[in-house]
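Thanks, everyone. I have one chain to walk through today, so let me put it on the screen.

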Amino acid sequence: MPPEIDPETPPPGTPADVRQAALALLAGRDQATLSTLVASSAEDAAAVGGWPYPSLVLVAMDGAGRPLLLLSELALHTRNLRQDGRAALLFEDTGGLENPLTGPRLSVMGRAEPLAGEEAEAARALYLERHPSAALYADFPDFRFWRLDIAQAHLVAGFGRIHWLAGGDLKP
């Protein structure tokens, strides 16, 4: 298992414009690619455990700058998170560009955890404000709200403009 990352200790010299670019991607995108590690299970006997698994998810942000997800317990990515909470989200703004590699993208990495009680209710309000159509299934018994506590992030703001950020850099 990799060493734990201190999300409060930024890499040396994180410029304000880099932080602002990363925050703009987080706030401006309502969907992301969620990557989890495939969990070995009898339900998914064909899946080889330990491999990265990407899936598309809708995202909202809480007041502390942490991504909120609404996930079904039936989904592979949720079963993966139940076994290993390490996850990453890729936010990107490359649509419509002739060369998508010139557009900004932000990978945030951390640990995801399901929410309960008051935290789940607060997440529900924020999430449904951002994604009103999710009200159709948000109360289904197999759906739960999850939060990603960001440990670190990797911003690619175009060719040669690449920066690592600590989780603490992404707090509003």
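Which residues of H1 are buried? Keep in mind that this is a predicted model. The buried ones are Val 18, Ala 22, Leu 23, Leu 25 and Leu 26. Look down the axis of H1: these residues fall within an arc of 155°, so they line one face of the helix. The general rule behind that is simple. An α-helix has 3.6 residues a turn, so residues three or four places apart point the same way.

Now the other face. Turned away from the buried side of H1 are the exposed residues Ala 16, Asp 17, Ala 24 and Ala 27. And what do the buried residues of H1 pack against? Five strands: S3, S5, S6, S7 and S8.

Step back to the whole chain. There are three helices and eight strands. From the N terminus the order is α-β-β-β-β-α-β-β-α-β-β. The chain has 172 residues, and 39% of them count as buried. Take the contacts with a separation of 6 or more: 69% of them join residues 24 or more positions apart.

Next, helix H3, residues 117-130, and Ala 123 within it. Is Ala 123 buried or exposed? Buried, at 3% relative accessibility. Beyond its neighbours within four places in sequence, Ala 123 contacts Leu 68, Leu 115 and Phe 145.

Last topic: charges. Side chains of opposite charge can pair when their charged atoms come close. How many salt bridges does the structure hold? Nine.

One joins Asp 93 and Arg 29, at 3.6 Å from N to O. This pair links distant parts of the chain, 64 residues apart: Asp 93 sits in the loop between S5 and S6, Arg 29 in the loop between H1 and S1.

Another joins Asp 139 and Arg 124, at 2.7 Å. Asp 139 is in the loop between H3 and S7 and Arg 124 is in H3, so the pair ties together parts 15 residues apart in sequence. Asp 139 counts as exposed, at 56%, while Arg 124 is partly exposed, at 23%.

Finally, a network of salt bridges links Asp 62, Arg 66, Glu 113, Glu 119, Arg 147 and Asp 149.

Note on methods: Residues numbered from 1 in each chain as written. Predicted model: local features only at pLDDT ≥ 70, side-chain atom pairs only at ≥ 80, totals over all residues. Heavy atoms only, no water. Helix = DSSP H or I, 4+ residues; strand = E, 2+ residues; numbered from the N terminus. Buried < 20%, exposed > 50% of the residue type's maximum accessible area, 1.4 Å probe, protein only. Contact = heavy atoms within 4.5 Å. Arc of directions from axis to C-beta. Salt bridge = Lys/Arg side-chain N within 4 Å of Asp/Glu carboxyl O.
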